[in-house]
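Subject: Handover of a structure

Dear colleague,

Please find below the structure that I am handing over to you. I would be grateful if you could look through it together with the notes that come after it.

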Amino acid sequence: MLKTAQKEFWFIVGSQHLYGKEALAEVKAHAQTMTDALNESGVLPYPIVLQDLAVSADTITNMMKEVNYRDEVAGVITWMHTFSPAKMWIRGTKLLQKPLLHLATQFNESIPWETIDMDFMNLNQSAHGDREYGFINARLNKQNKIVVGYWERPEVQQQIAQWMDVAAAYNESFNIKVARFGDNMRNVGVTEGDKIEAQIQFGWTVDYFGIGDLVQYVNAVTEEEINDLFAEYADAYEFVYGGYSAEDWESSVKVQASYEIAIKRFLDEGGYSAFTTNFEDLYGMKQLPGLAVQRLMAQGYGFAGEGDWKTAALDRLLKVMSHNQSTGFMEDYTYELAPGRESVLQSHMLEVDPTLAVNKPKLIVSPLGIGNREDPARLVFDGKQGEGVVVSMADFGTHYKLLINEVSAFEPEVPAPNLPVARVLWNIKPNFQDGVKAWIENGGGHHTVLSLNLTTDQIVSYAKLVDLEYVIIK
């Protein structure tokens, strides 16, 4: 997978000098116990690092400044072990530019009724501290995440883990660079967008390249490189020759191998983690990139067709958030309207993401009715089943808007022997009629990113961090 830099999260525990050195030493010991246990749980995708106790405004402010400065720190988790006066947190919290999670928990799961005294009460007053601290975050409109529950419970740890993935993606969002090979598809509205506003709001850099820039890289690929990659294909996929001779079939597939090598080299040299193509911009290319794009998506690069850079960047963002698990570019194609079976067939001309495959993909060559080029190779497979979200971003002129639709993907039951592309099927929530209507009413595009790994809550958490309007259809 196209990797991101290793991240960590700082664990900052609130208290105050009022309780004395002995009490603060116990707070620090409890915090260290929690840190070690959470890191050893195997649930959290990133390590947490315990910091000095937050017992003064200067301490808090300096820690938050350091968080902003350190690229490896993706966010902050706070816990109020005792009461921690909120005025101490104002300056530091205002300065914090990274995601914040307030863990509303307590070191002890239960109240020890037989031994509890005022010393215990003063030391373990998270309920008191949570409300004071929560007030100031709400007053500052911090849009922080709040996770409530006993810290050792798996469901609480899972919520922390999911937020960590959002925070990591938020940080990576400012590193996303999209290479556009050619312009947007002519006369299509929803793929357009304000690139300057996207860079201001989301951190995305979007650059245009003429297709000739890529052709130069294609022409520089060696036969040895192509043959080595072709051997990888033989191990990974089922070769289906169809009506082609072995020689013609292999020749077509090797064109895609040269594209995969060239595009990856181009992207890596320029620091790009997402890209677009357009079948209307193929001068100097023998085929529309198909297999090549699918392979790169499987490695973690974001992609969208027809020059749709917004969806390509969104694809990369959600791949980071999901660790590239069952997440990829989609396009609405065909309705199934039979009563009781209403659903939507998702596919694309060629570029369906293999991270969504339920079976071993078949590698085929087949004609493509657009682009006026040679028959391209592509992977064909059926999509997985599972609960997930479909996400689309559109520019409404005055602002960007994110549409989130919860779906239930299912494996196809009927073969489609003449369909030369991969297919993914899902049922729309809350139901077909209301879901489709709401999507259309809210201006949802036909290009989306599907994830069977992420949740609506995670997508909403990201949207709040970047002040992005969102609509949930569920």
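Predicted model: local features only at pLDDT ≥ 70, side-chain atom pairs only at ≥ 80, totals over all residues.

Helix α14, residues 456–465, takes part in two helix pairs described here. In one of them, its partner is helix α6, residues 154–173; the two axes come within 9 Å and cross at roughly 40 degrees. That angle makes α6 oblique to α14, and the crossing is right-handed. On the α6 side, the contact is made by Gln-162, Asp-165, Val-166, Tyr-170 and Ser-173, and on the α14 side by Gln-458, Ser-461, Tyr-462 and Leu-465. By class, these residues are four nonpolar, four polar and one charged.

The other partner is helix α12, residues 309–321, whose axis comes within 12 Å of that of α14, with a crossing of roughly 120 degrees. Here too the helices are oblique to one another, and the crossing of α12 and α14 is right-handed. Leu-317, Leu-318 and Met-321 of α12 meet Gln-458, Ile-459 and Tyr-462 of α14. This contact has five nonpolar residues, one polar residue and no charged ones.

Key:
Residues numbered from 1 in each chain as written. Heavy atoms only, no water. Axes fitted to C-alpha atoms, helices over the stretch in contact; angles between N-to-C directions. Helix = DSSP H or I, 4+ residues; strand = E, 2+ residues; numbered from the N terminus. Parallel < 35°, antiparallel > 145°, perpendicular 65-115°, else oblique. Left-handed = near helix turned anticlockwise from the far one by under 90°. Contact = heavy atoms within 4.5 Å. Nonpolar A, V, L, I, M, F, W, Y, C, P; charged D, E, K, R; others polar.
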